[in-house]
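Please have the model open as you read, and take the points in order.

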Amino acid sequence: MMRMLLRVCFVSLLLVSGALRAETAADTLSATLGELKNLAATFEQTVRDDEGEILETSSGTLQFQRPHHMRWEVAAPYRYLILTNGQSLWRYDPDFEQLTEEPFSSVSQTPLMILAATADELASQYDISLVSGKETRQYVLKPRQKQSEFSRLVLTFTEGKLARMTLRDKLGQETSIALKNVTANQAPIAESRFIFTQEGAS
């Protein structure tokens, strides 16, 4: 009886400690992201299939500002622009002069918008684990909901700065976004940078 009781207590402690680790990872990630008021960087994006073959590469610039402002501008090998001010989302293809506009809610759960998530949102929507190295820290996020667009997301921080986002979808395709020339928490970025105008897109 005593042996069984000890075993139950041991299992309970393991479950509790596991929950605490997950909560700590969410809290730590939220605290790290909470310090990020705005960010500007250049990016290099690589998309690979499930066998590791490169399907596409692209590069451009990224601007992010809390609470839900983002400007994602692809410069090569083609041009493409995505903007949101937390209310509307604009997608613009300058080569075809094609513009679409939709509500922000359609992209609110995408990987880039995780940058604006709170600890409660992170903990409720993702299983989060933390892998710490000497100079790097990686957060592995796995969506709790089966209908999520991705199966795994890894946020890599180097010396406290977001350096890479690696996304794997349900078919095994992997998208890696390497950030360079990162500047964070500078002067507020003008609101006009997150609202589509023909002049601002040219």
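1. Strands here are DSSP runs of E with at least two residues, numbered from the N terminus (helices are runs of H or I with at least four). Two strands count as paired if DSSP finds at least two bridges between them.

2. A word on what you are looking at: this is a predicted model, in which local features need pLDDT of at least 70 and side-chain atom pairs count only at pLDDT 80 or more, while totals for chains, interfaces and linings use all residues. Residues are numbered from 1 along each chain as its sequence is written, and side-chain values use heavy atoms, with hydrogens and water left out.

3. Now step back to the sheet. It is open and has 11 strands, in the order E6-E5-E4-E3-E2-E1-E11-E10-E9-E8-E7, with antiparallel pairing. E6 (98-103) and E7 (126-132) are the edge strands; each has a single partner strand, so one side of each has no neighbour in the sheet. From one strand to the next, the twist averages 15°, with axes taken as lines fitted to C-alpha atoms (for helices over the stretch in contact) and angles running from 0 to 180 degrees between N-to-C directions.

4. How many salt bridges does a search of the whole structure find? The search finds 6, where a salt bridge is a side-chain nitrogen of Lys or Arg within 4 Å of a carboxyl oxygen of Asp or Glu.

5. One of them joins Arg91 and Glu102, at 3.0 Å from N to O. Arg91 lies in strand E5 and Glu102 in strand E6, so this pair ties together parts 11 residues apart in sequence. Arg91 is partly exposed at 26% relative accessible area, and Glu102 is partly exposed at 25%; buried means under 20%, exposed over 50%, and partly exposed in between (1.4 Å probe, protein chains only).

6. Asp95 forms a salt bridge with Arg79, their closest N and O atoms being 3.6 Å apart. Asp95 sits in the loop between E5 and E6, and Arg79 in the loop between E3 (69-76) and E4 (80-84), 16 residues apart. Arg79 is partly exposed, with a relative accessible area of 42%.

7. Finally, look at Glu174 and Arg168, whose side chains meet in a salt bridge of 2.9 Å, N to O. Glu174 is partly exposed at 23%, and Arg168 is partly exposed at 31%.
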